[in-house]
There are 4 protein chains.
Amino acid sequence: MSKGRLRDLGIKIGKLPTGKFNAITDVNSVLVGHVTIKEEQPDIYRTGVTVIMPRDGLIGKDYAFAGYHSFNGCGEMTGIAWLKETGYLSSPIGITSTYQVGLVRDYFGEYSLENQDKGTYLLPVVAETYDGWLSAFHGKPIHDEQIKAALLSAKTGPVEEGCVGGGTGMICYEFKAGIGTASRLIETSSGTYTIGVLVQANFGMREQLLVDGAPVGKLLNYNRFPGPWQTPPLGGSIIVIIATDAPLLSDHCRRLAQRATIGLAHTGAIGYNSSGDLFLAFATGNHIQEDGNMVIPLTRTLSHDQMNPFFDATVEAVEESILNSLCAAETTHGQQNRVAYAIPPEELVAIWKKYKV
Amino acid sequence: MSKGRLRDLGIKIGKLPTGKFNAITDVNSVLVGHVTIKEEQPDIYRTGVTVIMPRDGLIGKDYAFAGYHSFNGCGEMTGIAWLKETGYLSSPIGITSTYQVGLVRDYFGEYSLENQDKGTYLLPVVAETYDGWLSAFHGKPIHDEQIKAALLSAKTGPVEEGCVGGGTGMICYEFKAGIGTASRLIETSSGTYTIGVLVQANFGMREQLLVDGAPVGKLLNYNRFPGPWQTPPLGGSIIVIIATDAPLLSDHCRRLAQRATIGLAHTGAIGYNSSGDLFLAFATGNHIQEDGNMVIPLTRTLSHDQMNPFFDATVEAVEESILNSLCAAETTHGQQNRVAYAIPPEELVAIWKKYKV
Amino acid sequence: MSKGRLRDLGIKIGKLPTGKFNAITDVNSVLVGHVTIKEEQPDIYRTGVTVIMPRDGLIGKDYAFAGYHSFNGCGEMTGIAWLKETGYLSSPIGITSTYQVGLVRDYFGEYSLENQDKGTYLLPVVAETYDGWLSAFHGKPIHDEQIKAALLSAKTGPVEEGCVGGGTGMICYEFKAGIGTASRLIETSSGTYTIGVLVQANFGMREQLLVDGAPVGKLLNYNRFPGPWQTPPLGGSIIVIIATDAPLLSDHCRRLAQRATIGLAHTGAIGYNSSGDLFLAFATGNHIQEDGNMVIPLTRTLSHDQMNPFFDATVEAVEESILNSLCAAETTHGQQNRVAYAIPPEELVAIWKKYKV
Amino acid sequence: MSKGRLRDLGIKIGKLPTGKFNAITDVNSVLVGHVTIKEEQPDIYRTGVTVIMPRDGLIGKDYAFAGYHSFNGCGEMTGIAWLKETGYLSSPIGITSTYQVGLVRDYFGEYSLENQDKGTYLLPVVAETYDGWLSAFHGKPIHDEQIKAALLSAKTGPVEEGCVGGGTGMICYEFKAGIGTASRLIETSSGTYTIGVLVQANFGMREQLLVDGAPVGKLLNYNRFPGPWQTPPLGGSIIVIIATDAPLLSDHCRRLAQRATIGLAHTGAIGYNSSGDLFLAFATGNHIQEDGNMVIPLTRTLSHDQMNPFFDATVEAVEESILNSLCAAETTHGQQNRVAYAIPPEELVAIWKKYKV
């Protein structure tokens with residue numbers, strides 16, 4: 001499903017090194033699973049679910065510190081009242097389409113009732129962006145079994161990007177996009193930490209698109225595409241999930257989440273009215289096992305004074321994740337004869353070369 | 001379903017007059033609908049959905065200013081990111097059980113797609129409390145048709161309380177409770193305004209319960225109940241919805257929402273860890289019709305300096321709504337031979353009489 | 001300056017035991033200092049500053065986790081943007097009068113520049129309530145030397161209450177009040193923890209006042225006071241500071257801070273429009289020494305599941321602190337022949353006895 | 001004091017037209033005043049106060065809707081609790097240096113007591129950034145008379161930029177900076193609206209600086225400066241004030257405030273740990289006169305659906321304001337033989353030309 005990645009084109013965002021997979025799975029214990037729905041009958045569906053599972057599946061009984069930021073609230077992310085109250089992430093994270101976010105959220109709860117050895121997903125975190133331009137929004141293309149498959153398929157290693165999972169029907173800067181991921185390593189006096197990011201990108205107007213600072217969206221030759229350009233309705237959204245193995249607390253995580261805004265800005269985003277730009281960061285460096293135990297051992301945290309490289313890493317990885325979601329996606333035909341084109345990599349590179357420093 | 005109301009016992013909370021029905025429906029255009037599920041086969045279900053529909057059903061195209069407060073975030077209320085971003089309520093409000101909040105949320109969206117003359121419920125507001133002590137939480141007792149029935153049944157006039165709708169399986173201060181409502185009138189130099197409240201009450205320990213200041217929970221004779229007292233697991237939650245016809249803006253509404261905390265405190269609540277105490281207030285006094293029109297005519301708002309009677313009214317109506325949810329509910333048998341007793345009205349009154357001023 | 005305390009009247013709030021001093025100073029390392037200004041010339045001043053100094057004076061280099069809640073934002077507490085960003089308290093806390101909160105805030109910074117062995121108070125926390133009914137607000141009654149004296153006088157042990165420090169000119173429920181404090185002990189399987197509270201109380205209408213649930217404000221015989229009752233302008237405010245030695249994190253602290261609302265409600269408060277009801281909680285159980293060190297050792301924290309006794313303790317201690325501020329204060333004559341009466345203890349007790357359970 | 005502006009160099013940010021002065025004063029009734037302190041004895045001071053006064057000086061009795069966003073809370077802005085509670089700006093806005101923000105805040109209150117015909121500044125809004133690298137921070141260089149002079153000097157028309165007022169000692173991307181301003185016009189079907197921005201810029205590392213997308217900070221020849229480059233301590237801050245004459249409500253304003261983040265990002269900012277990046281937006285299009293009047297007439301507001309051009313305008317004007325603060329500032333010598341260099345305009349233009357689209 002993944003056509004390619006930004007780095008395959010010779011473009012590197014920022015200055016920090018990536019992790020092994022340049023993916024959120026570079027953060028130890030963070031698994032990713034997808035279920036992709038592409039159906040032509042009875043309706044045309046381009047949709048799915050992506051799951052991010054920290055703690056190798058045990059996040060329901062070994063929580064992670066977490067923080068949230070809404071850059072523009074035209075979206076849904078369930079479970080946030082409890083996440084903000086406690087500072088904890090205590091469920092897997094699902095990302096899907098607008099009209100089925102409730103279904104996925106309910107199923108996460110049901111799944112945990114049936115798998116209590118993995119803990120309880122009391123108030124699960126599930127977010128959405130809108131794929132209803134390409135995918136029929138009537139009918140119920142996704143069923144519990146498929147959500148379960150997404151949960152069970154979660155694994156470490158390289159992450160499929162583009163038109164997969166929750167990203168199957170998504171469009172970014174008017175090009176076909178979807179899921180993207182990236183990671184960065186931070187060397188410190190106390191060891192190396194990893195920041196991993198995964199986005200479901202579905203926002204923006206084509207003339208806004210910047211690639212590593214180059215105005216690719218403005219300069220692309222749109223006559224090269226067969227037929228007239230079809231502009232999806234303005235709106236769209238982006239869900240950004242940031243993971244780290246550093247021993248951060250909830251306040252650090254909320255700060256990382258807000259930094260996603262800068263990564264978005266680097267690709268050209270303004271945060272338009274109908275965009276649901278919701279960001280969540282979690283940190284696995286401390287373990288929080290609440291089962292009947294009042295005292296939770298913590299080992300350490302990091303000084304706020306030393307957060308700057310984490311901020312840099314977040315900004316770089318968010319920018320690259322968005323661009324990866326574009327590079328990996330393939331031209332997709334959807335309902336009502338609509339088509340969302342893949343961004344042409346050669347032209348992208350050609351424009352970028354003129355502007356690189 | 002409604003056994004009685006607090007005022008039937010001769011007990012009046014506070015000093016302000018009530019509206020005609022002493023219910024949230026005293027606020028012009030606010031409708032309430034319930035669907036109640038009581039099944040014995042294949043599992044024992046005590047659950048349902050309650051719907052609050054402002055604007056006589058047209059809230060999807062004539063928004064209301066609204067505000068939100070989380071007193072304790074161990075709960076779910078969808079749609080809040082958008083409500084906080086815009087200051088608008090733009091969908092009906094659903095209240096149901098924890099494991100089906102997603103289902104109801106998704107269906108609201110689907111319903112609006114099929115009924116676009118009523119506007120669009122882009123990011124619907126649906127909240128929950130937990131009825132899984134009395135009601136089986138496996139299986140899916142509620143279906144789209146029933147949610148639709150709740151929406152279509154919404155009407156003005158007296159509101160059923162107690163074991164109805166979303167309140168069917170709820171327990172408050174260890175007594176059977178559920179839905180409760182109340183209202184207050186506020187006389188001002190610019191006319192009379194109404195505050196209406198509806199709660200789904202499902203929290204508290206019996207010894208905490210205060211009725212109009214009287215320590216009813218402490219002094220009740222628990223030996224009067226057949227069999228040993230069954231204490232539901234600590235936790236529970238309360239959803240509070242506050243409506244007014246005053247021309248308030250979102251900031252006023254958020255202030256009203258936070259005042260629900262005081263009403264809770266008057267009944268004995270502390271806001272324990274596992275309680276999802278989420279409050280939403282909306283005001284219908286200005287109309288917000290965004291359909292393609294940049295300029296939205298507003299007529300007026302009220303001075304913050306004059307909010308105190310609105311705060312008083314909110315506090316009184318929240319307190320009385322909680323007590324009404326208790327007075328109206330009937331003893332209910334649920335799964336696993338569990339029973340939640342109705343509070344005995346005569347004893348309640350007898351204790352109250354000793355303490356009234 | 002302290003006339004007496006609530007417990008001297010035989011009234012105990014709640015069920016939890018108090019610490020040794022029943023004061024915020026029961027929390028190890030928390031010091032309190034006051035400077036009290038009572039001048040008749042050139043203007044009549046009833047004002048002052050109260051200082052709360054955690055870490056035995058070293059809070060500028062050994063931070064404490066902290067959280068904040070605004071129940072009603074008609075007040076000023078400086079330093080909150082940074083406290084919310086980091087989750088840390090990193091300066092002493094000053095409480096003073098509205099028109100000099102800036103002066104005290106600036107001086108804290110200057111003091112720390114001159115005493116860098118104690119760390120840096122980068123963005124100090126200083127709060128206010130309004131004493132301008134009794135005290136002239138023109139002129140500048142307080143000077144740097146006096147603020148310094150308050151800082152240097154901070155000590156452990158019993159805390160003066162009533163008309164001292166920042167509370168010198170304050171009025172609560174129309175009676176003379178000011179500073180009040182209380183504490184509670186919480187026994188847990190992992191040891192005993194202390195919650196200490198200090199308030200500067202300056203809010204409310206007399207008919208609202210409840211003492212341990214008894215409607216003292218309504219039933220007092222106001223004819224007993226010489227001359228007609230003088231009602232201060234509606235408004236006022238309350239600053240609540242909550243300290244604990246438990247190893248809580250910032251999210252726990254913010255939860256404690258919000259629970260102060262319930263303590264206020266127990267004394268009759270509604271949170272009227274012009275009241276600045278700002279609450280801050282901090283926890284000394286973990287040490288945060290950021291000086292050049294990226295890794296901060298933490299030892300442990302407590303489960304959110306076990307926060308309920310901390311919530312109870314906070315509610316009890318806030319309620320008792322407010323009542324202590326009333327019991328300790330003495331009738332005070334101020335500018336323009338105004339007088340704020342002390343609450344008469346015998347009558348208070350007489351009314352309370354009728355209502356106690 | 002103003003050396004020049006970005007547009008004098010032929011560089012235009014964005015696509016929207018500017019107002020007459022390309023300044024915050026293009027928003028009708030918004031006045032700006034400065035007091036600049038440059039002293040050599042007894043200490044070297046480079047400091048001052050800038051005042052933004054909406055409503056031609058009557059903001060104390062004719063409030064404006066307002067919203068706030070903290071991108072990074074390492075700073076102080078007083079008055080925010082009340083602004084967030086009500087959604088109103090009700091005082092002038094002061095911007096000054098860290099160690100005197102309290103002094104300015106207190107004086108605003110005192111000034112309003114002496115000028116009650118202009119209304120009351122109950123809880124004034126005063127913000128700061130840190131000028132203590134160039135300016136001595138011991139001593140008290142600013143006195144009430146000077147703050148009064150800043151208030152009285154507030155006027156419409158062109159705004160002095162660079163090393164004036166609160167910006168006198170400020171440094172941005174390691175170059176001398178200070179105050180900057182810009183404006184944009186938004187044509188709509190309901191008329192033309194203006195967005196005006198004023199910043200006090202004091203943040204960033206030189207290699208981060210982008211000018212209209214060009215990596216000026218990276219490519220400048222630093223050997224051209226006499227002597228070795230002096231890097232101020234990392235940190236700094238930026239205060240952004242956004243004004244509009246559109247009839248926006250508080251939620252719209254908060255959305256504009258958060259959009260300042262994108263403008264910052266366009267100049268290279270990340271929001272480093274010790275930067276106080278606090279943003280406030282206000283809208284004068286509705287009048288809020290609370291004096292004893294419960295009902296406040298409003299005329300209209302704008303649809304959130306139509307906010308995108310306002311977001312664009314805010315982003316453009318914030319970016320240009322920051323760059324104007326750099327272009328206008330002159331090389332400044334401060335305490336301890338420190339020097340902050342003006343950015344050399346010819347080199348800036350030369351680099352920009354290579355990268356412009």
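Which residue of chain A forms a salt bridge with E85(C)? In this predicted model, where local features need pLDDT of at least 70, side-chain atom pairs count only at pLDDT 80 or more, and totals for chains, interfaces and linings use all residues, the partner turns out to be R255(A), with the closest N and O atoms 2.8 Å apart. Residues are numbered from 1 along each chain as its sequence is written, chains are lettered from A and ligands numbered from 1 in the order in which they are written, and side-chain values use heavy atoms, with hydrogens and water left out.

Chain C and chain A each put 34 residues into the contact (heavy atoms within 4.5 Å). Between them they bury about 2700 Å², with 54% of it on carbon and sulfur atoms; buried area here is the accessible area, taken with a 1.4 Å probe, that two parts lose on being put together, summed over both. On the chain C side, E85(C) turns up again: together with M294(C) and L298(C), the residues losing the most area to chain A, it accounts for 25% of what that side buries.

Helices (H or I, at least four residues) and strands (E, at least two) are DSSP runs, numbered from the N terminus. Of these elements, α5(C) gives the most, with five residues.

Strands also meet across the boundary. Strand β13 of chain A (residues 295-297) runs antiparallel to β14(C), and three bridges join them; strands pair if DSSP finds at least two bridges between them. In this pairing, P297(A) has R300(C) as its bridge partner.

How do the two copies relate? Chain C superposes on chain A by a rotation of 180 degrees with 0.0 Å of shift along its axis (RMSD 0.0 Å), using least squares on the C-alpha atoms of residues with pLDDT of at least 70 in both. That is the relation of a two-fold axis. Both copies use the same surface, since 100% of the contact residues of chain C recur in chain A.

Terms used: Salt bridge = Lys/Arg side-chain N within 4 Å of Asp/Glu carboxyl O.
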